[in-house]
Amino acid sequence: MSTINPPKALLFDVFGTLVDWRHTVSQTLHQQAAYALNSPKSASLPPAVRLFASTISWPDFAQEWRDTYKIFTKANSTPLSPSAQGKNAFKTVDQHHHDSLVRLLADHNLTGLWDADELYSISRIWHYLEPWSDSSHALHDLGRAFVLCTLSNGNVSLLRDLTAHAELPIPNLLSSEHFGAYKPSPLVYNGAAEHLGLRAEQCALVAAHLSDLKAARDCGFQTIYLERVDEEDWSAEEVAQARREGWVDMWIGLDDHRTHELGGLCEVRGRFQMNAGYVPGGGKWESGFGLR
């Protein structure tokens, strides 16, 4: 278990693990649609666009948008060959979010609802997602005992804005952009460990997605599963099998509040505090929070 042989570094998936993308994105789409439908320029909108914009489920649209991201990153988990790099530059998640938003609006007969500047602004809402209630506080304390680092498919500028906005105290920002391929490429996990000057087994990935953790595990990482509402893509049967197989080193379910009422990442911190025989750096957990 990770509490018995703690890692030196905790690396974090971000979307869904540390921040609640669903609420922020759904709310922003709804608000921006309402503004467009009630602004003076709305008179020029085609009747069909007005109809579809007023009846569409924006939470469902947000999920479709997120699903395009999953397809995009999986399709680009293989790095470009040297011969292709000059012809096809690495496409960032920011670029994907913009392009996929344009396509989805067309698919839903909503082209023209927002102008080019508005589309660009809305596509960047992923820079300003709200954190889960347990994220910031727990990260502050974990940072006293471990090296903290993002390991996200989000591009660097996105991660910089997001960690600042959500007040996530993570000093090291690593992105798939650094390695020219998206997770679950081994290049990302192996490259992150190398960047931190650590062996893979000295790193633990914290994520709300078992597919991400499985890929990290295959590279030698320790794994911490942080269950979040509606984030897991695997079926209930696949999740149950993963838990039986025991390859996840620390499993934090939605109802796990053994050490803290907030659960989530605060529960991760609490599990490490419960086993304070070894903490990287030689410090000891105080009875409250942090190291002394």
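Setting aside neighbours within four places in sequence, L265 is in contact with F12, L18, D134, S135, A138, L139, L142, V206, L226 and R228. One thing to keep in mind as we go: this is a predicted model.

So where does L265 belong? It sits in the largest nonpolar core, a set of 56 residues, and together with L113 and W114 it touches the most other members. As general background, nonpolar side chains in soluble globular proteins tend to be buried together.

Let me step back to the whole chain for a moment. We have 292 residues, and 51% of them are buried. The secondary structure comes to twelve helices and eight strands. If you take the contacts with a separation of 6 or more, 68% of them join residues 24 or more positions apart.

Two packed helices are described by the angle between their axes and the distance between the axes.

The crossing is right-handed. If you'd like to find the contact on screen, look for W21, R22, V25, S26, L29, H30 and A33 on helix 1, facing W58, P59, F61, A62, Q63, W65 and R66 on helix 3. By class, that contact has nine nonpolar, three polar and two charged residues.

Next come helix 5, residues 93-107, and helix 6, residues 116-123. Here the axes come within 9 Å, with a crossing angle of roughly 120°, which makes helix 5 oblique to helix 6. This crossing is right-handed too. Helix 5 brings H97, H98, L101, V102 and L105 to the contact, while helix 6 brings L119, Y120, I122 and S123. And which classes turn up there? Six of the residues are nonpolar and three are polar, with no charged residues.

Last stop: D141, in helix 7, which covers residues 135-142. Is D141 buried or exposed? Its relative accessible area is 2%, so D141 is buried. Also have a look at P169: P169 and D141 are 28 residues apart in sequence, and their C-alpha atoms are 9.6 Å apart in space.

Notes
Residues numbered from 1 in each chain as written. Predicted model: local features only at pLDDT ≥ 70, side-chain atom pairs only at ≥ 80, totals over all residues. Heavy atoms only, no water. Core = buried A, V, L, I, M, F, W, Y, C linked by side-chain atoms within 4.5 Å. Buried < 20%, exposed > 50% of the residue type's maximum accessible area, 1.4 Å probe, protein only. Contact = heavy atoms within 4.5 Å. Left-handed = near helix turned anticlockwise from the far one by under 90°. Helix = DSSP H or I, 4+ residues; strand = E, 2+ residues; numbered from the N terminus. Nonpolar A, V, L, I, M, F, W, Y, C, P; charged D, E, K, R; others polar. Axes fitted to C-alpha atoms, helices over the stretch in contact; angles between N-to-C directions. Parallel < 35°, antiparallel > 145°, perpendicular 65-115°, else oblique.
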